[in-house]
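Work through the following exercises with the sequence and the model open. Each task is followed by a solution in steps.

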Amino acid sequence: QVQLVESGGGLVQAGGSLRLSCAASGSSISINPMGWYRQAPGKQRELVVAITTVGNTNYADSVKGRFTISRDNAKNTAYLQMNSLKPEDTAVYYCASFAGGAYWGQGTQVTVSS
């Protein structure tokens, strides 16, 4: 069974940066599609970026040019580098792995102050 643990969230001022981590166990992140999602208060969970097994990415329009997904296969960890953060990026961020089913982490809070 896949287990995912996110970390790296926090409080940052608008224009700042954060890097989120998603440490995986139970399966290699390199052989399964995965993604980062977020859910703001009162809103539905939305896709931030998805990555395929061969590294193709699909970013939400709202984060293109600001966020970057990457993977360190040796550490079995995925990252989300978030730059030029905006207050509207405030949300709980989740990583997900699609390894025969959907597996989710517990989420990490990102709060961007104006």
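**Exercise 1. Contacts along the chain**

What percentage of the contacts in the protein with a separation of 6 or more comes from residues 24 or more positions apart?

Solution. The model is a predicted one. Take the contacts with a separation of 6 or more; residues 24 or more positions apart account for 54% of these.

**Exercise 2. Elements and overall dimensions**

List the secondary structure elements, then compare the radius of gyration with that of a compact globule.

Solution. 
Step 1. The protein has eleven strands and zero helices. Read from the N terminus, the order of elements is β-β-β-β-β-β-β-β-β-β-β.
Step 2. Along the principal axes, the C-alpha atoms fill a box of roughly 40 × 25 × 25 Å.
Step 3. For 114 residues, a compact globule would have a radius of gyration near 13 Å; the value for the protein is 13 Å, so the two agree.
Step 4. The accessible surface is about 5,800 Å², and carbon and sulfur atoms hold 47% of that area.
Step 5. Counting a residue as buried under 20% relative accessible area, 42% of the 114 residues are buried.

**Exercise 3. The largest nonpolar core**

How many residues does the largest nonpolar core have, and which elements give two or more residues to it?

Solution. 
Step 1. The core has 28 residues. Those with the most contacts inside it are Trp36, Val48, Phe67, Leu80, Met82 and Tyr93.
Step 2. Two or more residues come from each of S3 (18–25), S4 (34–39), S5 (46–51), S7 (67–72), S8 (77–82), S9 (91–98) and S11 (108–113).
Step 3. S3 gives the largest share, four residues.
Step 4. Take Leu80 and leave aside its neighbours within four places in sequence. Its contacts then include Trp36, Val48, Phe67 and Tyr93, each of which is also listed among the residues with the most contacts inside the core. Leu80 is also in contact with Leu18, Arg19, Leu20, Val49, Thr68 and Ile69.
Step 5. As a general point, nonpolar side chains in soluble globular proteins tend to be buried together.

How values were computed. Residues numbered from 1 in each chain as written. Predicted model: local features only at pLDDT ≥ 70, side-chain atom pairs only at ≥ 80, totals over all residues. Heavy atoms only, no water. Core = buried A, V, L, I, M, F, W, Y, C linked by side-chain atoms within 4.5 Å. Buried < 20%, exposed > 50% of the residue type's maximum accessible area, 1.4 Å probe, protein only. Contact = heavy atoms within 4.5 Å. Rg over C-alpha atoms; globule rule 2.2 N^0.38 Å. Areas by Shrake-Rupley, 256 points an atom, 1.4 Å probe, with all protein chains shown as cover.
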